[in-house]
Amino acid sequence: MRCSSDYYKKNRLHRRMGLVLNGEMSLPVVNPTLLTASAEQRAREFLATGKFRKARDEFKLLCKQDRAKYLPLLIQSNLGLAREMLAHGLASDAQQVLAYLKTIATPADLAGLELETAARAGQFTAVLPQALATLANPPPSLTETMKRQLADQVILAFEPFPADATTAALVADAQAVQAALQAVAAGQFDQAADRVRPVPHGSAFAHWKLFLKGQLAFHRGKFNLARQSFAAVPADSAPGKAGVAYRLWAGEPLSPTGPVADHVLDGIGRLAGQRALGLVLAEAERYWHAQQPRQSYEVLRRAVAAFPSENLDLVGALSEFYFQWLLSAPFAAGDLLAKCFDGIAAQRGGKTPVELKLVWRSLALYFAPISNAVELQADWTGFIREHEKLQGANPRLASVAYEWLGQQLAAVRSAEGPFGFGRPEMRQRQGALDSLRKSVILDPTNRTAHLALAALYERLRLPGDRNKLLDEMTARFPDDKAVLIEAARGCLDRNACQKGLGYLDRVRQLDRLDPAVPDLMVEGLLQQAGQQFQQNRLDIARATFDRMGDLLVDQADNLVRSRWCILIRQGLLEHCAGQTQPGDKLLAAARAASPSPAAFLWYAHLARLARGRRTRGTSPDFLPEFQRDQIPQATTGGALRLVRIFKHWIKDAPTGQHYDDCQMLIHYIATAVRRPFTREEARQLIDQLDQAGLRVPCDKEADKFIRAILKRDPVDPLFRLYKLGKWDFRSAPDWVQRDLQAIIAEAVRRGDHSTAQRAERLWESSQRGPVLPPPPPEAGEDDYFEDPLEDAADAADFPFDSDPAAPVAGDPVFRDLAKQIAGMTEAELRKFRKKALRDMPEPLFDLLVASARSSALVPVPPPKPDPNQLNFF
Amino acid sequence: MNPYLILGVPRTADDSRIRQAYLAAIKESPPDTHPDRFQAVSAAYDLIKDESSRIRYYLFHRDCPGATPVDAVLRFLQTQPPPQPLPFDSLKEWLRTCAKI
């Protein structure tokens, strides 16, 4: 059924015309002079604004009224139209306009245009005599651009020149340029230079001379000179346009504004010996600039048989670009191409096995941060499978690939649970173990895989496996520093200090300046001396301390090797397992050498606690003196040192041992805040509390410092940032985000770059969207995630890795409860659980326990191995 | 940038060939006269000097060889020796294409 508005309009018009013809309706009467004046004004406006077609139509009508007046304007409109058509590549349309112009204009009006149209239409030969004649006697209206275009037509005709005395000089120059072009093409560079040399600078073909100079330099490898020569060629001439291809090849930077012109890529393709690729590349480049990477890739995939490739050639470079771009692209942009690759991988539909292999690799690396364990493993094993199909089995490559997979699966993923109770988790414990074990088996010389596996055993608290592996490693890599140091650490962890010191001696022989060795050696010697004191071999133990002599330093802040610390430890050992008198002397010497009495007492107290369970005798209690004399005189600088000492001792402490000491430290800090302090001291203290994981228990005291500094300087960016530090910026209210922006602005204004960077990092994290719940466990992972013992172990495995952006429950009730839970043993916790679950949902209780433990830095016993863990290998 | 292209060795080159290429390249571009090139050559050598490094580079490198497809092509071409001149007919055809634009 046809019912368009056109039909209606047509009938209406017919009816109206019929009425007029029948005299039933009359048209309005208008003054003809007024009509002409308005039409002329309109036409002139069209001409002035470059609307040549409309101007032409108006002037055509006006010419019927006054030909003499309007003909020049009609010619002008047509000339404009023809040039516009030429500029848009519509040469045949321009020729039609030109044919019409010939009927109304004189040849002089059309001289330039006729030649230009012919040249654009590729009719170089036809215009040659006329072009030469025009160049020999240029009319005044001929612009420099038109002159160059005429010169280009003369050169590019490559036809015998007509014999004419008036054009002899021009012909000689043109012939020289043509001969030089032919010589360059034949590789006769010296001849080409000789040929073009006589062409004068003022010649109409001077720009061709520059082009040839550039060509000669380019093919001789003088790229700087080539760029300079091509840059001097006028851009509106044919050699100027061709020169762009040479300039880009010679290292001129690409314009960032848009795609490279087709003729340039055509030239690059021709020069590279792959003309077809140049043309396809132009299309791919256009898609790329239109932000359609997928279409860009697919154009090349369809059109170029060898694409994608791993060869070191042009196609290989293009292939590498697409697959590598994915890995460095912003996530949203990369996703466009990743979807294409994902489709290829899902259908196993690679154009070639090489493509499928490259796709698997890119997907594995691109999606690594967000893939679940099964996807990650599928991508990577897909790559290994395709690689083996193409190049045969390569155990070394497979070993490195599985090492990477193992490390990815062992990585800590910060969990983002409800209520902000974040708890870091290992991605897939069993998968990580299996991957790294497989890596070690595939290539027993893969040192980094061995080290990664040893580190994983340590994190998972599998000392038996770790020790066995370390022994194997020292046999396989007897002269490797990293392996020997790791083995020494393993020995010290299991109290095999003699063996550990042996490894460290070997490392020192390999590299006397290795900074890790002195600390470990001092720890080993301390351990050995402790054992000797316990065995009542006092002289030998003292001699062991003497062996530390050259390892000790006078830096008070070095809590492992400074003299005062070693004197304290020796003094305590003398007290506990040796003789009291020398012990007292040593402690007195330590007190004298220590940076402050508070530091001495605090260090000695914590060292005494650490040795407490292993001592036979007794040692003085330093705490009463500390409480009585030092706390009342607390200073912020002193607090900073005590926090460092506390952090040093707490790392290896068993669960809940330091709860009272933590309270003591809080008391000291609370006293210090009442005394004068500088901004720098407050900054260091808060940073140190953060680093030591003590910000939660010392929250109230830290707040006092922050408030005091903000009272002095209300817009201090760093302390405002500390104040905001409790928020999870990903789901914080708008005012927090506004504050964050103001902090960045203020920090930038003050030149405080580190604060600006810290705030910007938080700002970036706030822009990642709201907190999402962690992904649901995959098939086969249920057992792992549901095992409370393992969960608890994982929480304790990464005490220092908790997300700094995670919120802290500032509620005092929560804090007290968390402290209580943190100090509990497993048995106590089970009892408490039964009691607490009467009032609290079980999941909430689990979250509370995990959160309390992750913030309290308290290690818990190792997890039981889970027999139900799904084995992916 | 692809270290194989910088050193001018094939992907199948062994340790000794790569070392030879490296020594030749730094001899050509000593640090006092060509500091940028020297740095690039040294970095390239570090990436592929032994089999383990080569495997790790092959599997995990994330460098993109350009900002756009054409940029990648040009960067590749710049590592190659200057091309042979275009045959006369091809040059003529291309120049005429440029004249028509």
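**Notes on the two-chain model**

1. Let me start with a loop: P308(A) sits between α16 (293–303) and α17 of chain A, where helices are DSSP runs of H or I with at least four residues, strands are runs of E with at least two, and both are numbered from the N terminus. The peptide bond leading from F307(A) into P308(A) is cis, with omega near -5°. This is a predicted model, in which local features need pLDDT of at least 70, side-chain atom pairs count only at pLDDT 80 or more, and totals for chains, interfaces and linings use all residues. Residues are numbered from 1 along each chain as its sequence is written, while chains are lettered from A and ligands numbered from 1 in the order in which they are written.

2. Helix α17 (residues 314–328) of chain A has 15 residues and spans 21 Å from first C-alpha to last, close to the expected 21 Å (1.5 Å times one less than the number of residues). Of these 15 residues, 13 are buried, so α17(A) is largely enclosed by the rest of the structure. Buried means 20 or more other C-beta atoms within 10 Å of a residue's own, exposed 12 or fewer, and partly exposed in between, with C-beta atoms placed from the backbone.

3. Two loop residues are worth a look. Q291(A), between α15 (275–289) and α16 of chain A, has a positive phi of about 60° although it is not a glycine; Q291(A) is exposed, with 10 other C-beta atoms within 10 Å. N495(A), between α25 (481–493) and α26 (497–510) of chain A, has a positive phi of about 65° and is not a glycine either. N495(A) is partly exposed, with 13 other C-beta atoms within 10 Å.

4. Turning to chain B, you will find six helices and zero strands. Of its 101 residues, 32% count as buried.

5. Where the chains meet, chain B supplies 43 residues and chain A 49 residues to the contact (C-beta atoms, placed from the backbone, within 7 Å). On the chain B side, the elements giving two or more residues are α1 (3–7), α4 (51–60), α5 (69–78) and α6 (88–100). The largest share, 11 residues, comes from α6(B). By class, this side of chain B has 27 nonpolar, seven polar and nine charged residues; Ala, Val, Leu, Ile, Met, Phe, Trp, Tyr, Cys and Pro count as nonpolar, Asp, Glu, Lys and Arg as charged, and the others, Gly among them, as polar.

How values were computed:
Two residues are in contact if their C-beta atoms, placed from the backbone, lie within 7 Å.
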